[in-house]
Amino acid sequence: MNARTGLEPTAMSVAGSNVIDSADQVTPVVLAAMSRAPSPRLREIMASLVRHAHDFARETRLTEEEWEAGITFLNRIGKATHDRHNEGVLFSDAVGFSTLVCLLNNGNAGATETASALLGPFWRANSPRTPNGGSIVRSETQGPVLFVEARVTDPGRRPLAGVEVDVWQSSPVGLYENQDSDQADMNLRGKFTTDEDGRTSFRSVKPAGYPVPTDGPVGELLRAQGRHEFRPAHLHFLCFKPGMKTLITQVFVDDDERLHSDVVFGVTSHLIGDFRLRGPAEPPPAPDVSGKWYSLRCDFVMEPGEAKLPVPPIA
Ligand code: BEZ
Ligand code: FE
């Protein structure tokens with residue numbers, strides 16, 4: 001009984017009132033307050049989020065100190081994010097959320113061969129347009145030469161001409177150009193256009209695996225969980241053509257020691273590339289290549305659908 005109103009606690013939490021008297025009343029009261037949002041999708045998403053978040057607090061018997069630590073963690077993710085670094089994407093990646101959302105929204109149960117993979121935090125819009133066969137090595141970059149041939153088709157194996165194929169990768173020391181003052185702007189990035197046969201090709205260097213940035217809250221989390229911070233070596237591809245669903249994917253270096261322990265859970269078995277080591281006995285693909293070099297062939301299948309570009313995680 002409330003001394004001032006004379007009402008029983010349960011009578012106070014009547015429909016339309018936000019007055020709450022016990023933990024078990026919180027969820028229905030919050031859900032009711034949010035139920036009038038005009039957008040049905042916003043209603044659905046927020047109701048589910050609140051239900052799961054409240055259940056999470058109940059299930060773990062979350063303490064006030066732990067709640068505080070969680071809020072501090074989220075705030076630090078925001079503060080660590082700027083034009084050249086996206087800690088929010090990194091957090092989503094490191095807990096498998098990006099891969100989950102990617103696989104829920106892409107692929108059609110194996111009917112086509114190409115799967116998608118997470119975008120990651122390092123895609124930049126406006127990478128330099130480069131003619132087919134050109135190089136994405138834009139400043140002195142040590143490492144084994146790599147020649148890539150890619151073909152893009154529709155699900156019926158018909159070639160897709162005019163597909164913009166955006167490529168980005170880390171250097172053989174494991175850094176993207178935006179993380180490394182020794183690399184030229186846009187080094188190891190390029191945008192190609194497929195020819196009438198759906199083909200494009202380019203020259204690069206074999207990428208290396210690399211650690212994701214660990215100087216922020218996500219790094220602390222990985223250390224607290226006893227996890228390593230490495231991604232296996234890979235190339236990123238974003239294929240864009242009006243009328244076709246944008247394909248964002250990665251191709252992984254098959255002999256990388258961390259292929260089976262990607263810190264951001266991006267590897268699916270059919271994204272493991274066939275990187276072929278070519279011997280000095282084979283005709284070099286360019287006059288300046290001597291010794292060993294690598295080749296990679298990739299086949300990408302795009303499905304009809306909406307062509308849209310993601311928001312670039314960094315500028
Ligand atoms: C990347 O592949 O570029 C990447 C993905 C997730 C976290 C960090 C980097
Ligand atoms: Fe990457």
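1. A search of the whole structure, a predicted model, finds eight aromatic pairs. Rings of Phe, Tyr and Trp (its six-membered ring) pair if their centres lie within 6.5 Å; planes under 30 degrees apart are stacked, over 60 edge-to-face, the rest tilted.

2. Phe-147 and Trp-293 are edge-to-face, because their planes stand at 90°, with centres 5.8 Å apart. Phe-147 sits in strand β1 (residues 145–153) and Trp-293 in strand β10 (residues 293–301), so the pair ties together parts 146 residues apart in sequence. Strands (E, at least two residues) and helices (H or I, at least four) are DSSP runs, numbered from the N terminus. Phe-147 is buried at 17% relative accessible area; Trp-293 is buried at 6%. Buried means under 20%, exposed over 50%, partly exposed in between (1.4 Å probe, protein chains only).

3. Phe-202 and Phe-237 make a tilted pair: 6.4 Å between centres, 55° between planes. Phe-202 is in strand β4 (residues 199–205) and Phe-237 in strand β7 (residues 234–240), so this pair links parts 35 residues apart in sequence. Both are buried. Together with Phe-192 and Phe-300, they form one aromatic cluster.

4. Helix α3 (residues 40–60) buries Ala-47, Val-50 and His-54. These cover an arc of only 65° around the axis, which puts them on the same side of α3. The arc is that of the directions from the helix axis to the C-beta atoms. The face turned away carries exposed Arg-41, Glu-44, Leu-49, His-52 and Glu-59. Just after α3, Arg-61 takes a positive phi of about 50°.

5. Conventions: residues are numbered from 1 along each chain as its sequence is written, and chains are lettered from A and ligands numbered from 1 in the order written. Local features need pLDDT of at least 70, side-chain atom pairs count only at pLDDT 80 or more, and totals for chains, interfaces and linings use all residues; side-chain values use heavy atoms, leaving out hydrogens and water.
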